[in-house]
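Hi,

Here is the structure I promised to pass on.

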Amino acid sequence: MTRPMALPRPAPAGLPAPRRPRLTRGPELAAAVAAQLALLALLRPGHAGLAVGVGYALASWALLTAAFRRRRALGPADHVTLARVVLTGGVAALVAGHLTGDAGLWPLVAAASAALVLDGVDGRVARRTGTVSRLGARFDMETDAVLVLVLSVEVARTAGLWVLAIGAMRYAFGAAAWTAPWLRAELRPSVARKAVAVVQGVALVVAASGVVPHSGALVAAALALLVWSFGRDVAWLAKRRRTADRVPAAVGEAQGTQENRTIRGRGTDGARRARLLDPVAR
């Protein structure tokens, strides 16, 4: 005799359908660490590369846990950026392995190229899903900065130590913003700034691959563009600060105080005391 099939009970009318369980911030970041370790096992970057990759994974987990401490879960665009974090960790491990002769060049170029391609995806995902946020933009920006720094270390091995200026410039600007809060004010949107940032990554990957002759000239041109971009923004921020200093006190105490704080970069865009995760304009 066959066993009768038990029919599911219909859900009571008026009650919402049960939601699918969703990963929270902790498991999401833990999964990224696991993916990072799996990528290292696949790439086999050697002992030095393995040490750098594991250290990178642990440092990323700690920083992102602190940065997203007020969010229950990451958004769709954050997941794309998190994938870029994992790829950047693979690039860092391969650069360390390549410096010691334990890793190949083409896996490094492939991982860096994939990270650069995804750089154009997370912003679109954020806009399409309506999840654009300052934290997400900062997450994207810092991931770009780490990738450029790692690639500049690789290219500096053959082109010269001057290439490190490309990777270090963003961090020098951030260090200056700790002592000069007006540098943390919000910058105007700029297509040129975004284009220059893209040029840095592409130029470094091309130079690292070695497929283009005289790639040092290409990297030098990219550095010149970067100096121009940072110089233009610093000049604009300095001009904005001088404008704030000339705001008359008669405008009104409440309005004038808020305006001065915003223009000086001490509102939502810059704290009175610099902290590790304070927003930085660039």
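This is a predicted model: local features need pLDDT of at least 70, side-chain atom pairs count only at pLDDT 80 or more; totals for chains, interfaces and linings use all residues.

Residues are numbered from 1 along each chain as its sequence is written, and side-chain values use heavy atoms, with hydrogens and water left out.

The chain has ten helices and zero strands (DSSP runs numbered from the N terminus: H or I of at least four residues for helices, E of at least two for strands). Of its 282 residues, 38% are buried, meaning under 20% relative accessible area with a 1.4 Å probe, protein chains only.

Thr 88 sits in helix 3, residues 76-99. Its relative accessibility is 1%, so Thr 88 counts as buried. Its side chain reaches the backbone oxygen of Arg 84 at 2.8 Å. Leaving aside residues up to four places away in sequence, Thr 88 touches Tyr 56, Thr 143, Val 146 and Leu 147 (contact means heavy atoms within 4.5 Å).

The axes of helix 2 (residues 46-67) and helix 3 come within 7 Å and cross at roughly 150°; axes are lines fitted to C-alpha atoms over the stretch in contact, with angles from 0 to 180 degrees between N-to-C directions. The two helices are therefore roughly antiparallel, the term for angles over 145 degrees. Among the residues making this contact are Tyr 56 of helix 2 and Thr 88 of helix 3.

Best wishes

Technical notes. Buried means under 20% relative accessible area, exposed over 50%, partly exposed in between (1.4 Å probe, protein chains only). A polar contact is a pair of N or O atoms within 3.5 Å; within protein, one must be able to donate a hydrogen and the other to accept it, and residues adjacent in sequence count only if both atoms are side-chain atoms. Angles under 35 degrees count as roughly parallel, over 145 as roughly antiparallel, 65 to 115 as roughly perpendicular and the rest as oblique.
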